[in-house]
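I set out to record helix packing, domain contact and backbone geometry in this structure. The entries below follow the order in which I looked these up.

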Amino acid sequence: MDRIKQIFSEKSKIFIAYITAGFPSVNDTLKLMNILVDNGVDIIELGYPFSDPTADGPAIQISSQLALNSGFKRDDYFRILREFRMNNDRNPVVVFGYLNPIYNMGVDPFVTKVKECGGDALLVVDLPFEEQSEIRPAVDSCGLHIIQLISPSTTSDRMERILESATGFVYQISIRGVTGERENIAQTVTAHTKEIRSQTDLPIALGFGISKASQIETVIETVDGIVIGSAIINTIRDNIKDYDMPLAEKISALSKTIHHAE
Amino acid sequence: MNTDMTNKFKGRFGSFGGQYIAETLMPAMSEVENAFNIAWNEKSFHEELSFYLKEFVGRPSPLFYAERLTERLAGAKIYLKREDLNHTGAHKINNTMGQALLARRMNKTRLIAETGAGQHGVATATAAAIFGFTCDVFMGEEDMKRQEENVKRMYMLGAKIIPVHSGTKTLKDAMNEAMREWIATSQDTFYVIGSAAGPHPYPMIVREFQKIIGEETKQQIMEKENRLPDSVIACVGGGSNAIGIFTPFIQLKSVKLIGVEAAGLGINTDQHAASITGGKVGILHGSKTYLLQTEDGQICNAHSISAGLDYPGVGPEHSWLHDENRVQYVSITDEEAVNAFMELTRFQGIIPALESSHAIAHTMKIAPSLPNDHIIIVNVSGRGDKDMQSVNQYLGKK
């Protein structure tokens, strides 16, 4: 069963939430994933912490560093993924990270293990379309997806080539910049979504810089999903001693805004 | 083996190199690559660059016979390529002048750079000053402390220094931060990378701008000795000065090429920066290359007394030259480097950068057992004025 296809077919708007595995500690991650799905998150992007997250802003940098400081190891990632999947066969999990930890284990063993533990897709931030040939055979043979990113700077000829090979959903980056909360959302986002839409039948999720209801309301009509990451990390950090309730409330409010359109 | 040919294949050196970067940066990379390819084929660009290298940088730098050092070591005949005599005190300016001229052609208004020892930062700030760019330099907090003099120079030159507090607060983290900045600003900003590292086309661009070191060296040794050298030795952090002096000799198999990495407190400790000698292939800062990493694929903290070598990776072309057995990579400890620093200072009257001191240290190791007609050329990539504090502290501790 393709969980990604399934969930996009069930709902008109999808809430995708990012958290970093191992943050604030390895033992918290599974509980966090369940808080997310229990409060309206449809797809989880489970960040694989990396020492040098060059495309990420402060929130994800800090959560990654804290995860590594707390002793996160590769086996923890797969254990968390497997345990989540034991009690949840519905919500897709996207493995989100950088190439080195994958390459270090070996691309084939890594991808096979993701499949075995119940992951649905890979999103490798520093692996642009042109460099994906190394990972593609393993991903295809396991029936996983590589989530393709389209940025405001992506030229139209590259966009065409990227979308040709895209599966699962397309991740539209809303801004030129790294991840992290921003005040506003660019006026040009919707036009860009429409341009992407004209070249693919896949669902489009919008991410980077989105954290507020007002931003979501501006774009929700044209996109199929919204990705929120740094705002979730920041909510956990701001309530580090007891984040369960504040996080549930935050997720639930965001979910209402995103799913409201249904 | 032909480096030019491999470069045309998607920026690869064998299996090393590549463009492992965020999607948002991909167009910026093609823009730089196209601009470089056009400029590099134009006579006017080379004339312009040559003019500044001669009149502003002070090239050619001398190839100096180190008579006293040769006598003291009583073996091979030692020549020093004096990149320390360039304007701003290191080889870094060869590349920043080139990249700044490229940025000007691309109508960019701002330069950003990462810096470890501060030499690349100073060289970028200098190019920004002469060509009228605004300039932001990312520098680890730890490096700002140990290279305070260079921080002051950059301020004087009008650059803004952005302290980097993340990670180990050294070169690797400065490069992370510069890349993040460039993702957001590539429309008006040119990222001047100082090492022969990073995503394609940078390793190629930096090599092309630095190979003038080797071209001059080859001509100078022919004039002085009427023959090629037997060995060429250079220090390797990211590897820009080494690739610069090696490149014209790579096809000349009789010339032994030796790259010297920083062994810090020792290659068997976890306090070193010898990526080739003690690392494993992986992906960092846009290219596939040898890296210091944990069993789990997290990047390790490098250590070297020399801030310019304190980097857990190495330019991808070096990884390839290593695997092809064309260049021998060895390593030198902090202690050996400081001894060499003192040796060249006291007995040759040249205060070398701690980076270059690694190359001198290896020369001191091998020269005594070599015959008198064996010619070694060492690249003195920079001068050591910036290292007074580090050396004094090190000697004080002992």
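**Entry 1: the two domains of chain B**

I began with the separation of the domains: the C-alpha centres of domain 1 of chain B and domain 2 of chain B are 22 Å apart. The model I am reading is a predicted one. I then looked up the bounds, and the domain assignment of chain B places 16-53 + 92-206 in domain 1 and 60-89 + 211-397 in domain 2. To the contact between them, domain 1 of chain B gives 38 residues and domain 2 of chain B gives 40 residues.

I next noted the area buried between domain 1 of chain B and domain 2 of chain B, which comes to about 3000 Å². Carbon and sulfur atoms account for 58% of that area. Which three residues supply more than any others of the area that domain 1 of chain B buries against domain 2 of chain B? I found Phe16(B), Arg146(B) and Lys172(B), which together supply 25% of that area.

**Entry 2: α15 and α17 of chain B**

I turned to helix α15 (residues 334-348) of chain B and helix α17 (residues 388-397) of chain B, whose axes come within 11 Å and cross at roughly 115°. The two helices, α15(B) and α17(B), are therefore roughly perpendicular to each other. I recorded the crossing of α15(B) and α17(B) as left-handed.

From α15(B), the residues in contact are Asp334(B), Glu335(B), Val338(B), Phe341(B) and Met342(B). They meet Met388(B), Val391(B), Tyr394(B) and Leu395(B) of α17(B). Sorted by class, the contact of α15(B) with α17(B) holds 7 nonpolar and 2 charged residues, with no polar residues.

**Entry 3: α11 of chain A and its two partners**

I examined α3 and α11 of chain A first. Helix α3 (residues 58-69) of chain A packs against helix α11 (residues 230-238) of chain A at an angle of about 55°, and their axes are 8 Å apart. On the α3(A) side I listed Ala59(A), Ile60(A), Ile62(A) and Ser63(A), which meet Ser230(A), Ile233(A), Asn234(A) and Arg237(A) in α11(A). By class, the contact of α3(A) with α11(A) comprises 4 nonpolar, 3 polar and 1 charged residues.

I then followed α11(A) to helix α12 (residues 244-259) of chain A; the angle is about 155° and the axes are 9 Å apart. That angle makes α11(A) roughly antiparallel to α12(A). The crossing of α11(A) and α12(A) is right-handed. Here α11(A) contributes Ala231(A), Ile232(A), Thr235(A) and Ile236(A), while α12(A) contributes Pro246(A), Leu247(A), Lys250(A) and Ile251(A). I counted the contact of α11(A) with α12(A) by class as 6 nonpolar, 1 polar and 1 charged residues.

**Entry 4: backbone geometry**

Before listing the next sites, I noted that most residues other than glycine have a negative phi, and that most peptide bonds are trans.

Is the peptide bond from Phe23(A) to Pro24(A) cis or trans? I read it as cis, with omega near -5°. Pro24(A) sits in the loop between β1 (14-20) and α2 (29-38) of chain A.

Lastly I checked Phe208(A), a residue other than glycine with a positive phi, near 80°. I located Phe208(A) in the loop between β8 (204-207) and α10 (213-219) of chain A.

How values were computed. Residues are numbered from 1 along each chain as its sequence is written. Chains are lettered from A and ligands numbered from 1 in the order in which they are written. This is a predicted model: local features need pLDDT of at least 70, side-chain atom pairs count only at pLDDT 80 or more; totals for chains, interfaces and linings use all residues. Side-chain values use heavy atoms; hydrogens and water are left out. Axes are lines fitted to C-alpha atoms, for helices over the stretch in contact, and angles run from 0 to 180 degrees between N-to-C directions. Helices (H or I, at least four residues) and strands (E, at least two) are DSSP runs, numbered from the N terminus. Contact means heavy atoms within 4.5 Å. Ala, Val, Leu, Ile, Met, Phe, Trp, Tyr, Cys and Pro count as nonpolar, Asp, Glu, Lys and Arg as charged, and the others, Gly among them, as polar. Domain bounds come from an automatic or database domain assignment. Buried area is the accessible area (1.4 Å probe) that two parts lose on being put together, summed over both. Angles under 35 degrees count as roughly parallel, over 145 as roughly antiparallel, 65 to 115 as roughly perpendicular and the rest as oblique. A crossing is left-handed if the near helix is turned anticlockwise from the far one by less than a right angle, and right-handed if clockwise.
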